Structure formats: structure tokens, C-alpha cells
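I opened this notebook to record what I looked up, one topic at a time, beginning with the backbone and ending with a pair of helices.

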Amino acid sequence: MNIVYADNLKKYYGKEPVIVKALDGITLEIEEGSFTAVTGTSGSGKSTLLNMLGGLDIPTSGSVIVDGQELKSLGKNELTIFRRRKIGFIFQNYNLIPNLCIYDNIVLPVELDGRKADGGYIKDIVKILGLEDKLYHKPGQLSGGQQQRAAIARALATKPAIILADEPTGNLDSHTSQEVTGLLKTTNQNFHQTIIMITHDNSIAQMADYTIRIEDGRIAESRW
């Protein structure tokens with residue numbers, strides 16, 4: 001079953017004769033429970049694609065369907081709620097709130113939605129990610145790799161339909177990068193979590209189930 005479908009997705013900036021085609025007619029399907037890596041050179045359109053799939057930007061034309069919902073049919077407030085409930089984001093810079101402890105950072109998206117976090121589920125996530133003894137530390141007391149683990153836990157906390165990871169290992173050394181990607185793979189397998197990850201590192205991409213390479217706003221190659 002496909003959890004994400006993008007149909008002839010285009011994102012253009014400017015006007016003719018000076019026009020930038022960040023995305024130029026991308027169609028793709030992402031299978032539920034899969035781990036997909038999106039690769040490409042700088043400026044190829046991979047981050048733009050992730051923003052479209054996550055409802056963070058509006059396409060010039062085409063459509064995105066996530067978990068059966070066409071994103072362009074949602075109003076601004078509806079889209080905000082949908083993102084909070086259905087899409088988990090992992091960023092290169094962690095984006096943890098510095099004055100909150102790690103536990104509060106993890107459960108924050110759930111609480112913002114007016115719900116109570118599933119204690120047993122959070123405990124399982126924290127154990128897999130090796131954060132049990134870090135829950136009441138502030139982000140500044142953790143290493144970069146530990147902060148990224150916390151960001152992964154936060155993304156998982158809402159039990160989203162998909163997780164979008166934008167260069168999640170970009171600020172980490174090679175050993176920690178492999179470790180963090182391994183943890184993403186573990187959460188993908190243990191929780192049947194659909195993950196779409198952007199990376200410029202081919203060794204990291206090889207850990208995914210599927211790889212999509214984008215060049216000049218188009219899919220240049222798919223490896224399944």
C-alpha cells in the first residue's frame with residue numbers, strides 16, 4: 001500500500017525567460033513502512049521535494065497525497081493540524097527547545113495537539129534510541145548524536161504516517177552518522193514507520209530500502 005503519492009509535481013520560481021525549475025514534473029510513490037533515501041547534488045531539488053511532501057511549501061502545479069489526504073485541498077489551519085498529526089520532521093539542526101528537558105521536547109508535539117503521550121510507546125522509543133538516562137537533561141548537555149536521537153524520538157512520538165528527515169546526519173561525524181542512520185532503520189523496522197530521508201552521503205543512502213536520485217528537478221534514477 002502506498003502512503004505517499006506525488007503526481008507531476010512542479011515548483012517554479014521567477015518568470016520566463018528567467019525561470020528556475022526546482023521541481024520539474026516529479027511523480028513518485030512511497031510504500032507504507034519503507035525506508036527511502038533521496039539523493040542528489042546541491043540544488044538538485046531534493047529539499048524542495050521534501051518540503052512539498054511535508055506540506056511546508058505549495059507546488060506550482062501537481063499534487064501530493066499523504067495517507068489518503070490530498071494536501072492542496074486543506075486550508076492553512078487544517079494543513080497545520082494534519083502536519084502535526086501525520087508527519088514527523090527530523091532536521092539537520094535538531095531544532096530542540098533549549099530550555100526544555102529531553103522528555104518534554106519529545107512529547108511536545110503530542111501535547112500541542114491537546115493529547116496525552118502514550119507512556120508505554122514513548123518508553124519503547126527511548127529505550128531503542130538509548131536515551132533512558134538523558135530524559136531530564138537539557139539539549140545543551142547532550143552530544144550532537146544524542147540530540148539527533150532526541151529529535152528522532154520527537155518525530156516518532158505522535159505516531160505519524162510518515163517521517164521526513166532532511167540531512168539528519170549533516171552535522172555529525174561519519175561514525176555517529178552511521179549510528180544515527182542505523183537507529184532510523186531500527187525504528188523503521190520495529191514500528192513499521194515510513195521514512196523518507198534526504199542525504200548527500202551515498203554510504204548513508206545505501207542503508208535505505210529504496211533510493212531515488214534527483215537531478216535538475218527530475219528523477220534521474222530509482223533503485224528498488
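Entry one, a loop residue. I am working from a predicted model, and I began with His192, which I found in the loop between helix H6 (174–191) and strand S8 (194–198). I looked up its backbone and noted that phi of His192 is near 50°, a positive value in a residue that is not glycine. Is His192 buried or exposed? Its relative accessibility is 51%, and because exposed means over 50%, His192 counts as exposed.

Entry two, another loop. I turned to Asp216, which lies in the loop between strand S9 (210–215) and strand S10 (218–223), and I noted for Asp216 a positive phi of about 55°, although this residue is not a glycine. Asp216 has 65% relative accessibility, so I recorded it as exposed.

I looked up the bond joining Glu16 and Pro17 and found it to be cis, with omega about 10°; Pro17 sits in the loop between strand S1 (2–15) and strand S2 (18–31).

I then followed helix H4 (residues 119–128) and helix H5 (residues 144–157), whose axes come within 10 Å and cross at roughly 150°. Because an angle over 145 degrees counts as roughly antiparallel, I wrote down H4 as roughly antiparallel to H5. The crossing of H4 and H5 is right-handed. Which residues make the contact? On H4 they are Tyr121, Ile122 and Ile125, and on H5 they are Ala153, Leu156 and Ala157. Sorting the contact of H4 with H5 by class, I noted six nonpolar residues, no polar ones and no charged ones.

Key. Residues are numbered from 1 along each chain as its sequence is written. This is a predicted model: local features need pLDDT of at least 70, side-chain atom pairs count only at pLDDT 80 or more; totals for chains, interfaces and linings use all residues. Side-chain values use heavy atoms; hydrogens and water are left out. Axes are lines fitted to C-alpha atoms, for helices over the stretch in contact, and angles run from 0 to 180 degrees between N-to-C directions. Helices (H or I, at least four residues) and strands (E, at least two) are DSSP runs, numbered from the N terminus. Angles under 35 degrees count as roughly parallel, over 145 as roughly antiparallel, 65 to 115 as roughly perpendicular and the rest as oblique. A crossing is left-handed if the near helix is turned anticlockwise from the far one by less than a right angle, and right-handed if clockwise. Contact means heavy atoms within 4.5 Å. Ala, Val, Leu, Ile, Met, Phe, Trp, Tyr, Cys and Pro count as nonpolar, Asp, Glu, Lys and Arg as charged, and the others, Gly among them, as polar. Buried means under 20% relative accessible area, exposed over 50%, partly exposed in between (1.4 Å probe, protein chains only).
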